[in-house]
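Hello,

Here is the structure I promised to pass on. Please have a look at it, and below it you will find my notes on what turned up.

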Amino acid sequence: MNDASLEWYCGDRILAFRERPRIMGILNVTPDSFADGGQHLGVEQAIARGLRMMEEGADIVDVGGESTRPGAEEVAAEEELRRVLPVVEALAGRGALVSIDTRKAPVAGAAVRAGARIINDVTALAGDAEMPEVARRSGAGVVLMHMQGAPRTMQADPRYTDVVAEVAGYLERRVRALEAAGLERRRMAVDPGIGFGKTAEHNLRLLGNLPRLCALGLPVVVGLSRKSFLGKLTGRAVGDRVAGSVAALAYCVIRGAHVMRVHDVRESCDAVKVATALRRAGE
Ligand code: HH2
């Protein structure tokens, strides 16, 4: 694996991975997210939390206004915009590299105009017909995530013959389709979508086979923070999964992940430093 020349073009910024993987802090401006719903509801509090994440070492702040947890209901675009726009604008204005976590083209477009430089779409730009064109015109970086089904029903009975091959194959097809639609490859990152239409066993197989995803030659984003497979392994409730999250993060870093999407920025930054040093020492 050679990350020396891998770069991710996000608007007018370029993220390199030569030194270390990057941390994406999760900033949910939602009343119902699975791990932190309602904690950051107010705009002022959300902005303060985002600024603290930057101080703690986050490279990216991922702002979301719609929960995609299993069973979540959809939110109207107007409401999503009302939640996220002031937060995006304030954090981008303070120099943050902001990503907007949305599946809706109007939300992505407005967020980019307000200063976001990454569009993080759990449908890999396939959920809204306008999204590829909005992404292309914006020049933003994009995260293409794999999901089986839709959030409301995705955990009902997820099935795969070979989860690693199917997820990698899907992401590869999305990359090619979007390239054909005019999106530059250097703006794309891929994500296996931990917990999105996957059992705990599927999640473990994907994380245990990260090099297969890295072989796509694009930055690999992983969002595993506090997710339910960690609860299954440790017996811990969602608020008590920091140690499990950090352990899994360190493993992913050693196995080649490029961007880790996390709730606990401070702990995760420490883990990235330690895991990166150990990985280097073994090369
Ligand atoms: N997971 C969640 C949301 N967005 N985006 C990417 N790229 N990868 C992920 O794994 C991912 C994601 C779900 O987690 P969270 O934001 O904490 O909760 P909720 O969707 O309930 O807001």
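Let me begin with S67, which sits in the loop between β4 (60–64) and α2 (77–93); helices (H or I, at least four residues) and strands (E, at least two) are DSSP runs, numbered from the N terminus. S67 counts as buried because its relative accessibility is 4%. Buried here means under 20% relative accessible area, exposed means over 50%, and partly exposed is in between (1.4 Å probe, protein chains only). The side chain of S67 comes to 3.2 Å from the backbone nitrogen of R69. That pair is a polar contact, meaning N or O atoms within 3.5 Å; within protein, one must be able to donate a hydrogen and the other to accept it, and residues adjacent in sequence count only if both atoms are side-chain atoms.

Before going on, please keep in mind that this is a predicted model: local features need pLDDT of at least 70, side-chain atom pairs count only at pLDDT 80 or more, and totals for chains, interfaces and linings use all residues. Residues are numbered from 1 along each chain as its sequence is written, and side-chain values use heavy atoms, with hydrogens and water left out.

Helix α2 holds R83, which counts as buried because its relative accessibility is 12%. Its side chain reaches the backbone oxygen of G65 at 2.8 Å. Not counting residues up to four places away in sequence, R83 touches V29, T30, P31, G65 and V75, where contact means heavy atoms within 4.5 Å.

Helix α3 (residues 105–113) is next. It is largely enclosed by the rest of the structure, because 7 of its 9 residues are buried. Those buried residues are A105, V107, A108, G109, A110, A111 and V112, and their cover includes α2, β5 (98–101), β6 and α4. Just after α3, G115 has a positive phi of about 120°.

Most residues other than glycine have a negative phi. A124, however, has a positive phi near 55°, and L125 has a positive one near 65°. A124 is buried, with a relative accessible area of 0%, and L125 counts as buried at 2% relative accessibility.

The largest nonpolar core has 71 residues, and V63, L91, I119, V222, L224 and M260 have the most contacts inside it. Such a core is a set of buried Ala, Val, Leu, Ile, Met, Phe, Trp, Tyr and Cys residues joined through side-chain atoms within 4.5 Å. Helix α5 (residues 163–180) gives the most to this core, with 7 residues. Another core, of 13 residues, lies apart from it, and L6, I60, I118 and V143 are among its members. Leaving aside neighbours within four places in sequence, the contacts of I119 include I100, A108, V112, M131 and V143.

Finally, the surface: I254, V274 and L278 make a nonpolar patch of about 280 Å². Accessible areas come from the Shrake-Rupley method with a 1.4 Å probe, and for residues only the protein chains shown count as cover. I254 belongs to helix α9 (residues 242–254) and counts as partly exposed at 40% relative accessibility.

Best wishes

Conventions: Patch = residues over 30% accessible without salt bridge, like charges linked within 9 Å, V, L, I, M, F, W, Y side chains within 5 Å. Salt bridge = Lys/Arg side-chain N within 4 Å of Asp/Glu carboxyl O.
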